[in-house]
Amino acid sequence: MLKGFIDNIQEKSLKERFLLVIGMLFFLIYFILGLIIIFWKDLPISMSYNFRLAFGVILIVYSFLRFIRFFNKEENSHE
């Protein structure tokens with residue numbers, strides 16, 4: 001499976017590889033931002049803990065939805 005994934009990446013054009021890197025970067029940005037909002041006690045934005053938790057969970061779920069949608073789009077474009 002890993003070999004197939006690596007072969008698939010090597011077959012991509014330069015533009016597709018760039019978009020793959022950007023997609024992964026934004027997944028990490030949203031995921032880490034959600035964790036920061038949840039766990040950073042002295043967050044410069046004044047929010048109650050319940051709102052911080054909800055906003056952080058929404059960001060984490062959104063990051064996974066982008067991740068899944070991005071790779072589903074990639075698989076459908078090669079078929």
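The model is predicted, so local features need pLDDT of at least 70, side-chain atom pairs count only at pLDDT 80 or more, and totals for chains, interfaces and linings use all residues. Residues are numbered from 1 along each chain as its sequence is written, and side-chain values use heavy atoms, with hydrogens and water left out.

**The whole chain**

Display the protein as a cartoon: there are 3 helices and 0 strands, and from the N terminus the elements run α-α-α. Helices here are DSSP runs of H or I with at least four residues, strands are runs of E with at least two, and both are numbered from the N terminus.

Next, show the surface. The accessible surface is about 6400 Å², and carbon and sulfur atoms hold 71% of that area; such areas come from the Shrake-Rupley method with a 1.4 Å probe, and for residues only the protein chains shown count as cover. Of the 79 residues, 20% are buried. Buried means under 20% relative accessible area, exposed means over 50%, and partly exposed lies in between (1.4 Å probe, protein chains only).

**The aromatic rings**

Select the aromatic side chains, where the count comes to 6 aromatic pairs. Rings of Phe, Tyr and Trp (its six-membered ring) pair if their centres lie within 6.5 Å; planes under 30 degrees apart are stacked, over 60 edge-to-face, and the rest tilted.

Begin with F26 and Y30, a tilted pair with 6.5 Å from centre to centre and 40° between the planes. About one helical turn separates these two residues, because they are 4 residues apart in helix α2 (residues 14-39). F26 is partly exposed at 33% relative accessible area, and Y30 is partly exposed at 22%.

Move on to F27 and F67, whose ring centres are 4.8 Å apart with the planes at 35°, so this pair is tilted. The pair links distant parts of the chain, as F27 lies in helix α2 and F67 in helix α3, 40 residues apart. F27 is buried, with a relative accessible area of 11%, whereas F67 is partly exposed at 28%.

**The surface patch**

Finally, select Y49, L53, V57, V61 and L65, which form a nonpolar surface patch with about 440 Å² of accessible area together. Y49 lies in helix α3 (residues 49-77) and is partly exposed, at 45% relative accessibility.

Methods. Patches are made of residues with over 30% relative accessible area and no salt bridge: like charges are joined within 9 Å, nonpolar side chains (Val, Leu, Ile, Met, Phe, Trp, Tyr) within 5 Å. A salt bridge is a side-chain nitrogen of Lys or Arg within 4 Å of a carboxyl oxygen of Asp or Glu.
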